[in-house]
Every structure is written in structure tokens, then in C-alpha cells.
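Please look at the sequence and the model first.

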Amino acid sequence: MRRLISIAALGLTILLSPNLVLAEGESGAEQLRQFVRNSKTAEGDFMQQQLRAPKANEPQDKGLKVIRQTQGRFVFQRPGRFIWDTQKPYEQKLIADGKQLILWDKDLNQATFRPAGQALAATPAAILFGETSLDQHFELVDGEDRLGMKWVALVPKKNPNAKNGNDLPYTKISVGMANGLPKALELIDGLGSVVLVTLDKIQLNINLPASRFTFNPPAGAEVLRLN
């Protein structure tokens with residue numbers, strides 16, 4: 001479960017960026033390109049749902065079923081810093097401070113540190129934390145309009161050094177764009193698990209002090225440092 005939270009958080013960070021002037025008729029792919037190009041910081045609310053298809057003994061006309069839901073706040077500053085702060089139904093934070101990735105679990109009273117470069121290299125977050133073009137790593141394919149959004153599929157370009165052509169843990173990555181903003185992120189992994197993240201109350205290009213991304217474990221907390 002908590003791996004899925006981290007995956008979604010990391011996937012989300014490819015999106016957040018502003019100074020957007022968009023024509024109403026622009027495609028979802030072009031809206032996403034401009035958003036990533038122009039945004040520097042963002043803050044807002046998220047709701048994350050883990051979904052599954054109905055089982056054989058369940059009604060088949062209800063669509064995907066929500067089996068887990070979390071919500072909280074996100075903050076990001078490019079390049080290299082973000083906070084994914086889960087507040088309900090439990091408290092957990094995923095923090096990137098530009099050098100390391102930190103997972104803080106309040107219930108376990110445990111903080112896990114790992115190098116950001118290694119932890120993020122195989123995720124779409126690398127697009128945000130580097131200064132490269134989105135198109136350098138992905139093919140952006142416009143999809144259908146649904147739920148009031150223009151959906152864009154991000155198809156990873158093949159990495160000749162990766163065993164399976166690319167390093168990403170997803171079989172599908174889709175972004176829902178509306179009025180120049182990313183409003184949803186859909187991730188599907190190799191096991192068919194679906195994670196849907198919806199975003200709300202997004203504030204762009206706000207001033208964020210560097211100290212916002214500093215995390216010091218409380219006294220008595222268990223600290224794990226992974227290489």
C-alpha cells in the first residue's frame with residue numbers, strides 16, 4: 001500500500017509547474033508541455049485512490065471499485081524539492097530536499113533516508129528534477145476527453161541501458177489536463193493496480209523558503225539510511 005503512495009507521489013511531480021497563457025482549443029499534450037516548461041513552484045490538495053476491477057462475484061456495471069483512499073497536501077519547488085503530505089486516514093510524509101528522499105511514517109515513528117538521485121532516476125519525477133524537456137523522455141499522446149479533462153498518455157521512450165527498454169514501474173501513465181492545469185494523474189503498474197490522483201486548490205509560482213523542505217526526525221524516532 002505505502003509503495004503505491006510513493007509511486008503516485010513521484011509520478012505526480014512530473015506535472016507541477018506556471019505563468020500559463022493557453023488558448024482554449026489547445027490539446028492536452030500542449031497544455032502539459034507548457035505547464036512543465038513554465039511552472040517553478042506549486043502547492044495544493046490531493047486525493048489518492050487505489051482502484052481495482054470488480055471481482056467475478058461482484059456487479060460488473062459499477063466500474064472500478066475504490067479499495068483505498070488517502071488525502072493531504074502537496075508542495076513542490078523545481079528542481080529537486082517536494083513534499084507529499086498524507087494527512088488522512090493516517091499521517092505520512094514523502095520529502096525530497098534536493099539531495100535525499102525521506103519517508104516519514106508517524107505511526108511507525110520511523111524515517112527512511114535514501115539518495116534522491118537513485119530513488120528518483122527510474123520515475124517520471126526525474127523530468128521535474130532535471131532541467132530537460134518532457135519530450136526527451138516521453139512520447140506525449142493525446143487521448144480522449146473524459147470527466148471534463150483532456151487526457152494525455154506519457155509513453156516512455158526506450159532506454160537502451162534498461163533491461164526491458166525503460167526503467168519505469170508503470171505500464172501506463174496518463175495526465176488529465178483542464179484549463180492549463182493538471183487535474184488528475186492515472187498510474188497503472190505491471191500487476192494491473194490502478195492509482196488515481198486528483199488535484200485541487202492548486203496555487204502556482206508561490207514563494208517557498210528552502211527551509212520548507214528541511215526535515216529533522218523527532219527525538220526517539222527510528223532512522224534508517226539506505227544507499
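**Aromatic rings in the predicted model**

Three aromatic pairs turn up in a search of the whole structure. Rings of Phe, Tyr and Trp (its six-membered ring) pair if their centres lie within 6.5 Å; planes under 30 degrees apart count as stacked, over 60 as edge-to-face and the rest as tilted. The model is predicted, so local features need pLDDT of at least 70 and side-chain atom pairs count only at pLDDT 80 or more, while totals for chains, interfaces and linings use all residues. Residues are numbered from 1 along each chain as its sequence is written, and side-chain values use heavy atoms, with hydrogens and water left out.

**Stacked pair**

- Phe46 and Trp84 are stacked, at 3.8 Å centre to centre and 15° between the planes.
- Because Phe46 lies in strand β1 (residues 41-52) and Trp84 in strand β3 (residues 81-88), the pair ties together parts that are 38 residues apart in sequence; strands (E, at least two residues) are DSSP runs, numbered from the N terminus.
- Phe46 and Trp84 are both buried, meaning under 20% relative accessible area (1.4 Å probe, protein chains only).
- One aromatic cluster is formed by Phe46, Phe74 and Trp84.

**Tilted pair**

- The ring centres of Trp104 and Phe215 are 5.7 Å apart and the planes are at 45°, so this pair is tilted.
- Trp104 lies in strand β5 (residues 100-105) and Phe215 in the loop between β11 (194-204) and β12 (222-225), so the pair ties together parts that are 111 residues apart in sequence.
- Both Trp104 and Phe215 are buried.

**Charges over rings**

- Arg146 lies over the face of Trp151, 4.1 Å from the ring centre; the cut-off is NZ of Lys or CZ of Arg within 6 Å of the ring centre and within 35 degrees of the ring normal.
- Arg225 has its charged end over the ring of Phe113, at 4.4 Å from its centre.

Methods:
Helix = DSSP H or I, 4+ residues; strand = E, 2+ residues; numbered from the N terminus. Buried < 20%, exposed > 50% of the residue type's maximum accessible area, 1.4 Å probe, protein only.
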